[in-house]
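User: Hi! I have a two-chain model on my screen and would like to talk through how its parts are arranged. Could you take me through it step by step?

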Amino acid sequence: MSFEFLNAFKFLKKQTLIHRLDPRVKLLFAIIYTINALMFTEIMPLLFIFFTLLPFILIGKLFKQWIKSIRSLSFLYVFIIIINTLFITNNGFSFSIAMIIRITIMISAFSLFFLTVDPNDLALSLISMKIPYEIAFSFSLAFRFVPTIAIEAQNIIDSQQSRGYEMQKKGIISQVRNLFPLLVPLIIGSIKRAFNVAEALESRAFGSKKERTFYFTINYTIIDWIITVILMILLLGFIFIRFDLLIVPEWFSWSLPV
Amino acid sequence: MGKNGAGKTTLIRTLNGLIRPLRGVIYINGENNATKTIAELSKFVGIIFQNPMHQLFSNTIEEEIIFSMKNLDMTKEQVQEKTDNILSKFNLERYRERSPFNLSGGEAKKLAIATIICRDPEIIVFDEPTLGQDAKEIEFFLELIQDELDQGKTIIMVTHNVEFTFENIPRTILMSDGHIIADGPTEKVLTNDLLVRKASLILPQIHQLKQGLRRIGIEVPNEIFREKDMIAFLNNYLKLKIVK
């Protein structure tokens with residue numbers, strides 16, 4: 001078991017246009033691409049959406065990490081293909097390919113968001129949307145702890161395996177029971193850590209003042225507005241296509257014969 | 001021993017196959033371990049990791065130990081007997097029915113060691129065993145490893161504790177940046193100024209005292225490495241001086 005796919009969500013500081021964008025734009029980006037992907041179930045429009053997403057990845061110089069995250073999710077793809085082809089009689093394979101593209105778009109959009117947004121800015125952008133600081137802070141804290149918990153999970157697996165624990169077992173019930181040696185230490189460790197974090201925060205006078213000031217600020221620049229407009233146009237365009245308000249060529253609804 | 005990030009924990013993880021080497025081969029008891037599963041290797045190599053809370057999950061301490069022996073070919077009676085033995089050996093009998101999460105840090109560590117020792121591995125690997133242990137617990141730990149050594153077991157230990165190593169461990173391997181930079185008798189390795197500095201350690205206090213005494217003209221013999229030898233030597237020295 002590996003937690004490599006979590007690397008897809010780990011922020012790395014880089015100096016590119018995408019990294020400099022306002023976090024709110026990137027959140028909008030992730031949401032709009034998710035909506036776009038969810039609107040279609042055919043291969044062609046999904047592929048088209050996917051190609052509009054690629055430039056962002058290239059501009060952000062994230063190609064390597066993106067490939068890595070996609071590769072580590074390949075087991076999911078195999079799963080989707082098998083299940084859909086088996087259970088959907090009408091064009092099952094074609095549908096499963098479309099679903100793979102759809103999930104790739106959503107993962108790419110969100111991993112672009114998490115790869116390029118500094119967790120500190122994330123809290124800031126939430127506050128600018130009138131969300132209380134406590135909630136915004138706990139939100140960014142949650143993301144900060146994802147890699148920590150992944151490392152801890154790996155440690156737990158290692159220590160249990162060293163005392164003869166076996167990962168694979170036959171039968172669903174024994175498989176679920178088999179999770180206890182991993183989940184119990186993980187959950188208890190997380191709860192304990194939550195208390196520790198709370199104490200550490202309080203000892204640094206968290207929440208002592210109602211009104212907070214910020215060392216860094218975020219603001220919408222011209223480029224941010226341009227990207228926002230582009231995203232809006234894309235969204236509107238795809239909505240028009242979806243509801244047949246825009247005439248599209250025949251090949252747009254093409255699908256694989258199987 | 002070695003600085004943080006030198007690769008000590010990574011190295012011990014390769015011993016029972018948790019990490020497989022990209023290059024090279026690992027031999028355990030003369031057999032290549034690449035062809036064996038983690039479960040098979042864990043019968044020979046028992047690793048006790050730093051944080052005991054990573055492996056405790058049962059309702060009672062007794063179950064915790066029984067879980068470790070599940071995959072060994074033992075009858076129920078044998079398992080029960082072994083559990084009783086281990087519990088009394090580790091002075092954990094009175095906690096038998098208690099939850100492992102109510103144990104103190106030192107006792108949890110003891111229990112984690114017990115869950116590995118009960119499997120009777122030939123090679124026992126400790127990751128930072130003295131961390132967060134009080135003097136009494138360290139003493140117990142020393143007795144325990146002596147007992148295991150008497151049974152012919154091999155013990156490997158990762159630690160940052162220079163004094164503990166210098167007093168008790170015969171052989172030391174130093175690591176730095178993923179390489180082994182020294183391997184030899186502890187008295188030689190840990191008194192080498194250059195090596196010790198490269199591994200981000202400090203010279204053992206006894207050795208520093210020896211150097212200091214020599215600087216003021218007291219000739220300390222080379223073979224003094226233990227605290228009690230040093231005390232005996234100094235007592236002797238003072239007595240001689242008074243007689244003169």
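Predicted model: local features only at pLDDT ≥ 70, side-chain atom pairs only at ≥ 80, totals over all residues.

**Helices, strands and contacts**

User: Thanks! Is H7(A) roughly parallel or roughly antiparallel to H8(A)?

Analyst: Helix H7 of chain A covers residues 119-128 and helix H8 of chain A covers residues 133-162. Their axes come within 9 Å and cross at roughly 150°. An angle over 145 degrees counts as roughly antiparallel, so H7(A) and H8(A) are roughly antiparallel.

User: Which residues of H8(A) meet H7(A), and how does the contact of H7(A) with H8(A) divide into nonpolar, polar and charged residues?

Analyst: From H7(A) come A:Pro119, A:Asn120, A:Leu122, A:Ala123, A:Leu126 and A:Ile127. They meet A:Tyr133, A:Ala136, A:Phe137, A:Phe139, A:Ser140, A:Phe143 and A:Arg144 in H8(A). By class, the residues of this contact come to 10 nonpolar, 2 polar and 1 charged.

User: H8(A) also packs with H10(A). What is the orientation of H8(A) to H10(A)?

Analyst: Helix H10 of chain A spans residues 180-203, and its axis is 10 Å from that of H8(A). The crossing is right-handed, and the packing angle is about 140°. Roughly antiparallel needs an angle over 145 degrees, so the orientation of H8(A) to H10(A) is oblique.

User: Which residues of H10(A) meet H8(A), and what is the make-up of that contact by class?

Analyst: On the H8(A) side you will find A:Ile149, A:Glu152, A:Ala153, A:Ile156, A:Ile157 and A:Gln160. Facing these, H10(A) brings A:Pro181, A:Leu182, A:Pro185, A:Leu186, A:Gly189 and A:Ser190. The class make-up of the contact is 8 nonpolar, 3 polar and 1 charged.

User: Zooming out, how many helices and how many strands does chain A have?

Analyst: Following the sequence of chain A, the pattern reads α-α-α-α-α-α-α-α-α-α-α. The C-alpha trace of this chain spans about 65 × 55 × 30 Å along its principal axes. The counts for chain A are 11 helices and 0 strands.

User: How far apart are the C-alpha centres of domain 1 and domain 2 of chain A?

Analyst: Domain 1 of chain A is made of two stretches, 1-117 and 220-258. Domain 2 of chain A runs over 132-216. The distance between their C-alpha centres is 29 Å.

User: Now chain B, please. What is the strand order in its open sheet of 3 strands?

Analyst: E3(B) joins E4(B) through 4 bridges, and the two run parallel. E4(B), residues 123-127, is joined to E5(B) by 5 bridges, also in parallel. The edge strands, each pairing on one side only, are E3(B) and E5(B), the latter at 154-158. That gives the order E3-E4-E5.

User: Which residue in E5(B) is the bridge partner of B:Ile123, and what is the average twist from one strand to the next?

Analyst: In E4(B), B:Ile123 is the bridge partner of B:Val45. In E5(B), B:Asp127 has B:Val158 as its bridge partner. For B:Ile123 the partner in E5(B) is B:Thr154, and the twist from strand to strand averages 15°.

User: How do the two domains of chain B touch, and which helix gives the largest share on the domain 1 side?

Analyst: The domain assignment gives domain 1 as 8-202 and domain 2 as 204-244 in chain B, with centres 35 Å apart over C-alpha atoms. Their contact takes 7 residues from each domain, and the domain 1 side has 3 nonpolar, 1 polar and 3 charged residues. The largest share of that side, 4 residues, comes from helix H7 (residues 162-168) of chain B.

User: Last one! Which element gives the largest share of the side of chain B that touches chain A?

Analyst: The contact between the chains takes 23 residues from chain B and 16 residues from chain A. By class, the chain B side has 11 nonpolar, 9 polar and 3 charged residues. Elements that give two or more residues to that side are helix H2 (38-44), strand E3 (45-48) and helix H5 (105-117) of chain B. The largest share, 3 residues, comes from H2(B).

Technical notes: Residues numbered from 1 in each chain as written. Chains lettered and ligands numbered in written order. Domains from an automatic or database assignment. Contact = placed C-beta atoms within 7 Å. Nonpolar A, V, L, I, M, F, W, Y, C, P; charged D, E, K, R; others polar. Pairing = 2+ DSSP bridges. Axes fitted to C-alpha atoms, helices over the stretch in contact; angles between N-to-C directions. Parallel < 35°, antiparallel > 145°, perpendicular 65-115°, else oblique. Left-handed = near helix turned anticlockwise from the far one by under 90°.
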